[in-house]
Every structure is written in structure tokens, then in C-alpha cells.
Amino acid sequence: MLLPTHILLWYITHTLEVYGRNDYQIFGSSTYMLTLSKKLREDASHAQPSSQQRENTNNGKRASIRDKLLVKEIPEMEANLPGTCRVEFDDSDQLSLFRLTISPDEGYWKGGKFVFNVIVPDEYNMVPPTVTCSTRLWHPNITEDGKICLSLLREHSIDGTGWAPTRKLKDVVWGLNSLFSDLLNFDDPLNIEASEHYLRDKKDFEAKVRIYVTKYAKR
């Protein structure tokens, strides 16, 4: 940005006075003018926030919005937990990180205890929480390394059942809990091998599920 001539002249005069430079013929010195021009550019750059500073400010604002939402949603989530679920916070002041433990009381995974790690990002509720399963299991919609296939955790879903700002954490809890019952889906699997195993031999599938429960998820 070019400064108006009268402002530039004032700045030069002011600089000369500050540094005791009374010889105004020095204006003709190209070295001095180049140095002064450089200082003007530096001052202008310091006056304006960098893109990183603006990004940090925006992230801070989004985190503040998220935290206000969590203060309301966490009590609501805890008040509406299914009987098979338990929520734990390592730090009560950090509501954006918690563990959900699901202990199915019916179905293939009955008797197991499955732990899910939930991270609520700064951009919540414009984007969904990130959820992984830390308990190894044999399941068509959860991989052995913890990835999860659940429509409402998808930021973009073609069937209209994906994430939306109107959804809340209690919806996430109920959705995860239902992966062991109502939302169990062998037709749209993430763990294709587990799904094919079920379709090929249901009894053998159930036997493998029980082996995993006993080995990795016993209560």
C-alpha cells in the first residue's frame, strides 16, 4: 500500500528529529531512502495480523462456540444414556474428550464391554465428533483397528442421514449403542470380511464373535 506524499514527508521529518538528523539534504541519499522505505514496509506488515494469526483467532472463536454447546449437551447426554452405556471424562474441565463404554445386554456381543473414544473438534457442531473403538471386536460395521461406519458420523451422506448441526451428542451415543442391535448392518459393511463371514456361515460368525468377546472385551 503506497502512503500519501504528505504522510511520507511527515514520517521522514519525524524520523530525522528522533535521530537528530537536521541536514535535510540527506533526502537525496538513496541509501537512506531505501532504509526508510524498508522500515515503512515492516511497520505496515506488523500492523496487520498474519494469516496464521487470523486462523488462530477463528479457531479460538469456534472452540468457544463448541465449549458453550458442550456445557448444555453433556448434561443432556448423561441424563438420556441407554442403560447399557457409561460415559467417563479424564478431565472434567475438558468436555471435548471422553470415553463411552457400551455393554450390550442382548445379541451377538452380549457380555462384552466395548470402549469408544470421542473427540469433539473445534468446528462442532458444524462437523461431527470423531469416534474410534479401542476394543477389538468382530463386527461388520466396525473394523478390528477401530474405524466405525455410522451414517450420522459422516459429514456428507447421500442418504440424508449424515451429520447435521441439529444433531447432538446424545444422538451419537444412541447411534453407537444401536450398532449392537437395531443399526447392525450386514448389507453396507465396513469390515467386509466379517459381513461375508456372517452371510456364509452364521453359526461360525457367532462363534468368532464370542472368541473376540472373551479374548478382548470380557467384563
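This is a predicted model: local features need pLDDT of at least 70, side-chain atom pairs count only at pLDDT 80 or more; totals for chains, interfaces and linings use all residues.
Biologist: Which residues of helix 6 are buried, and where do they lie around the axis?

Modeller: Phe205, Val209, Tyr212 and Val213 are the buried residues of helix 6. They cover an arc of only 100 degrees around the axis, and therefore they lie on the same side of helix 6. An α-helix has 3.6 residues a turn, so residues three or four places apart point the same way.

Biologist: Which exposed residues does the face of helix 6 turned away from its buried side carry, and what do the buried residues pack against?

Modeller: The face turned away from the buried side of helix 6 holds the exposed residues Lys203, Ile211, Thr214 and Lys215. The buried residues of helix 6, in turn, pack against strand 3 (114–119) and helix 5 (192–200).

Biologist: Which residues of helix 5 are buried, and which are exposed on the other side?

Modeller: In helix 5, the buried residues are Ala194, Ser195, His197 and Tyr198. Seen down the axis, they fall within an arc of 160 degrees, so they line one face of helix 5. Helix 6 is included in what covers these buried residues. On the other side of helix 5, the exposed residues are Glu193, Leu199 and Arg200.

Biologist: How are helix 5 and helix 6 oriented to each other, and which residues meet there?

Modeller: The axes of the two helices, helix 5 and helix 6, come within 5 Å and cross at roughly 135 degrees. Helix 5 and helix 6 are therefore oblique to each other. From helix 5, Ala194, His197, Tyr198 and Arg200 take part, and they meet Lys202, Asp204, Phe205 and Lys208 of helix 6.

Biologist: How many residues has the largest nonpolar core, and which have the most contacts inside it?

Modeller: The largest nonpolar core comprises 38 residues. Elements that each supply at least two residues of this core include helix 3 (51–79), strand 3, helix 4 (169–178), helix 5 and helix 6. Leu176 touches Leu100, Ile102, Phe116, Val131, Ile148, Leu150 and Leu153, not counting residues up to four places away in sequence. Those with the most contacts inside the core are Phe116, Ile148 and Leu176.

Biologist: Is Ser96 buried or exposed?

Modeller: Ser96 lies in the loop between strand 1 and strand 2. Not counting residues up to four places away in sequence, Ser96 touches Arg66, Leu70, Val118, Ile119 and Val120. Its relative accessibility is 8%, and the cut-off for burial is under 20%. Ser96 therefore counts as buried.

Biologist: Which peptide bond is cis, with omega near 10 degrees?

Modeller: Asn125 is found in the loop between strand 3 and strand 4. The cis bond, with omega near 10 degrees, is the one from Tyr124 to Asn125.

Biologist: In what order do the elements of the protein run from the N terminus on?

Modeller: The protein has 6 helices and 4 strands. Buried residues make up 35% of its 219 residues. Of contacts between residues at least 6 apart in sequence, 56% join residues at least 24 apart. From the N terminus on, the order is α-α-α-β-β-β-β-α-α-α.

Technical notes
Residues are numbered from 1 along each chain as its sequence is written. Side-chain values use heavy atoms; hydrogens and water are left out. Buried means under 20% relative accessible area, exposed over 50%, partly exposed in between (1.4 Å probe, protein chains only). The arc is that of the directions from the helix axis to the C-beta atoms. Contact means heavy atoms within 4.5 Å. A nonpolar core is a set of buried Ala, Val, Leu, Ile, Met, Phe, Trp, Tyr and Cys residues joined through side-chain atoms within 4.5 Å. Axes are lines fitted to C-alpha atoms, for helices over the stretch in contact, and angles run from 0 to 180 degrees between N-to-C directions. Angles under 35 degrees count as roughly parallel, over 145 as roughly antiparallel, 65 to 115 as roughly perpendicular and the rest as oblique.
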